[in-house]
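Biologist: I would like to learn how to read a model of this kind. Could you take me through it one feature at a time?

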Amino acid sequence: MLGPEKLPRVVSQIGRWVGRARAMARQFREQLEEEVQLEEARKAQAPTTPAPPPPPPSSPLPPLSAAATEAPVAPPDTFSHAHPTDATGADPEAVRPDAERR
């Protein structure tokens with residue numbers, strides 16, 4: 001164990017470590033409290049101060065072309081051995097449950 005020669009030095013080091021840990025915990029707690037106070041101040045100011053309107057664009061956007069205003073076009077047919085599909089992407093060989101009842 002520790003003899004009378006090393007014991008005071010070890011106790012002194014442990015005391016310093018505990019002091020450092022307490023100081024770090026205190027500093028951390030103070031920083032958290034400060035952040036909470038700042039956040040509360042921001043929330044209190046937010047409803048009273050309306051947000052400024054966004055700045056107007058520096059250059060006007062060009063008008064949309066006729067192609068951009070048309071309905072989207074279905075992608076071209078792709079070739080697949082695994083699942084044949086029709087123009088809508090459905091499997092033409094699949095049996096529909098409502099078709100069996102008729």
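Modeller: Start with burial: a residue counts as buried when its relative accessible area is under 20%, and as exposed when that value is over 50%. This is a predicted model, and buried residues make up 0% of its 102 residues.

Biologist: What does the accessible surface of the protein come to, and what share belongs to carbon and sulfur atoms?

Modeller: The total is about 10,300 Å², with 61% belonging to carbon and sulfur atoms. One nonpolar patch on the surface is formed by Met1, Leu2, Leu7 and Val11, which together have about 500 Å² of accessible area. Of these, Met1 is found in the segment before helix 1 (7–45).

Biologist: How many helices and strands are there in the protein?

Modeller: The protein has three helices and zero strands. Along the sequence this gives the pattern α-α-α.

Biologist: Which residue forms a salt bridge with Arg42?

Modeller: A salt bridge needs a side-chain nitrogen of Lys or Arg within 4 Å of a carboxyl oxygen of Asp or Glu. The structure holds one: Arg42 pairs with Glu39, and their closest N and O atoms are 3.1 Å apart.

Biologist: How are Arg42 and Glu39 placed in helix 1?

Modeller: They are three residues apart in helix 1, so about one helical turn separates them. Arg42 is partly exposed, at 47% relative accessible area, and Glu39 is also partly exposed, at 35%.

Conventions. Residues numbered from 1 in each chain as written. Predicted model: local features only at pLDDT ≥ 70, side-chain atom pairs only at ≥ 80, totals over all residues. Heavy atoms only, no water. Helix = DSSP H or I, 4+ residues; strand = E, 2+ residues; numbered from the N terminus. Buried < 20%, exposed > 50% of the residue type's maximum accessible area, 1.4 Å probe, protein only. Areas by Shrake-Rupley, 256 points an atom, 1.4 Å probe, with all protein chains shown as cover. Patch = residues over 30% accessible without salt bridge, like charges linked within 9 Å, V, L, I, M, F, W, Y side chains within 5 Å.
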